[in-house]
Amino acid sequence: MLGAGSAFTESLMKDLALMPGNQGGEIRLIDIDGRRLALAKSLVEQTVGLLGADWTVKASAERAGLLPGSDYLINCVEVAGLDCVRHDYDIPMKYGVDQCIGDTVGPGGLMKGLRTIPVWLDILRDAERLCPNALVLNYTNPMAMLCIAAVRTCSMRVVGLCHSVQGTSRLLARHAEVEYDAMDWECAGINHLAWFTRLEHEGKNLYPRLMAKARDEASEFYEGNPIRCDMMLHFGAFITESSGHLSEYLPYYRKRKDLLEKYARSGYRGESGFYANNWPTWRKNADERRQRVMNGEETPNLERSEEYASGIIQAIETGKPFAFHGNVPNDGLIENLSPRCCVEVKCEANGDGWTPVPFGQLPPLMAAICESNARFQELAAEAAVERSFEMARHALMLDPLTAAVCSPAEISAMADELFSAQREHLAGYR
């Protein structure tokens, strides 16, 4: 577990311990923050103890000592901690680029990719040397950029995992008023911008019911997902990521104050600066909650989560198939998207690993929206691999939201300001 201080650690390691019939093993926690690493180790030890699982736990700030012999690597690293959160939001905002989350696309996503990918590639190079047969499950954003960089530079087998597909599919079942397990659906696209192209129950299309709710701006469905509902009404399908995050992938909603007032809401529904304003507090609160659990002041959640990691590991270890949606290279999987991009499609895990399932073609309108972001992601990943400020500047010029607001000269000036503010975290860039 790389980045063991992550909020994912408790849930993912608990899920491992809850795998039915598992024989246990060794959990190895790695983090450069000694305080958070010690807390993570104590919490994971407590969790596996409460579950009576036969797992031992090791922890170290030095990954070289723990990588050898590892079967799976789960990547949840964060580079630069809290140092750049304000820069990622405040500097683009000076130029009129208003972000809600800003960690996968746009100026904030670009900068996070530039900071993170060199560290990610160092990890993968160590893995090639020390545990070349390990399978890599990546949770760190910007998801697509990290997966593209991995494919272009290393031999490790990597899949990117997010929870937006399983979370949104359950949300749609609730609003369509059908049992989740009875719903039949297909979903494909790119991370945070995948489309539910088919949504049925007992052979009946559920979209007319959802469209009717989306047209009622007073409905719970619309109020909880204003931008997703609007996109569904105009593009024909619901999208996987929250309205706030989704709005950053599009040129439509965040370029004028009146549009934000009409379509954005608080929190993940589109609030300006939501991530930058809250991330430091979330991180602090997460550590405090974990400490309360350790002190017996709060009851831990010991139920298996919906995250994919343990399901994939269970399928590989037992041979029992498991279906999930993963972020993988577009080797003909979505025919009308760039062959060099990273796509999010259904995958099937079994004793041999995982295999992506070819999707075919997305409807042209949906493919075009994905493609506009995929080209930005490809160039941004290349910029990080090459450590090139010029490529990074060009990538930002392709970002749909940034381009909707700024001229090329303004984008270039913004890029210079971002690079200067974060220079200490961009070693080797030129």
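The model is predicted, so local features need pLDDT of at least 70 and side-chain atom pairs count only at pLDDT 80 or more, while totals for chains, interfaces and linings use all residues. Residues are numbered from 1 along each chain as its sequence is written, and side-chain values use heavy atoms, with hydrogens and water left out.

**Helix H6 and Ser169**

- Ser169 sits in helix H6, residues 164–176 (helices are DSSP runs of H or I, at least four residues, and strands are runs of E, at least two, numbered from the N terminus).
- Ser169 counts as buried because its relative accessibility is 0% (buried means under 20% relative accessible area, exposed over 50%, partly exposed in between, with a 1.4 Å probe and protein chains only).
- Leaving out residues up to four places away in sequence, Ser169 touches Tyr180, Met183, Trp185 and Phe196 (contact means heavy atoms within 4.5 Å).
- H6 is mostly covered, with 10 of its 13 residues buried; among them are Val165, Leu171, Leu172 and His175.
- From first C-alpha to last, the 13 residues of H6 reach 18 Å, close to the 18 Å expected at 1.5 Å a residue (the expected span is 1.5 Å times one less than the number of residues).

- The largest nonpolar core has 134 residues, and Leu114 and Trp195 have the most contacts inside it (a nonpolar core is a set of buried Ala, Val, Leu, Ile, Met, Phe, Trp, Tyr and Cys residues joined through side-chain atoms within 4.5 Å).
- Helix H14, residues 364–386, gives the most to this core, with 10 residues.
- Another core, of 7 residues, lies apart from the largest one and includes Cys100, Phe274, Tyr275 and Ala276.
- Contacts of Leu114, not counting residues up to four places away in sequence, include Ala380, Ala383 and Ala384.
- H14 has 23 residues and spans 32 Å between its first and last C-alpha, close to the 33 Å expected at 1.5 Å a residue.
- Just after H14, Arg387 has a positive phi of about 50 degrees.

**Packing of H2 against H12**

- Helix H2 (residues 34–50) packs with helix H12 (residues 274–294) at an angle of about 40 degrees, their axes 10 Å apart.
- H2 and H12 are therefore oblique to each other (angles under 35 degrees count as roughly parallel, over 145 as roughly antiparallel, 65 to 115 as roughly perpendicular and the rest as oblique).
- Residues making the contact include Arg35, Arg36 and Leu39 of H2 and Arg283, Asp287 and Arg290 of H12.

Key
Axes are lines fitted to C-alpha atoms, for helices over the stretch in contact, and angles run from 0 to 180 degrees between N-to-C directions.
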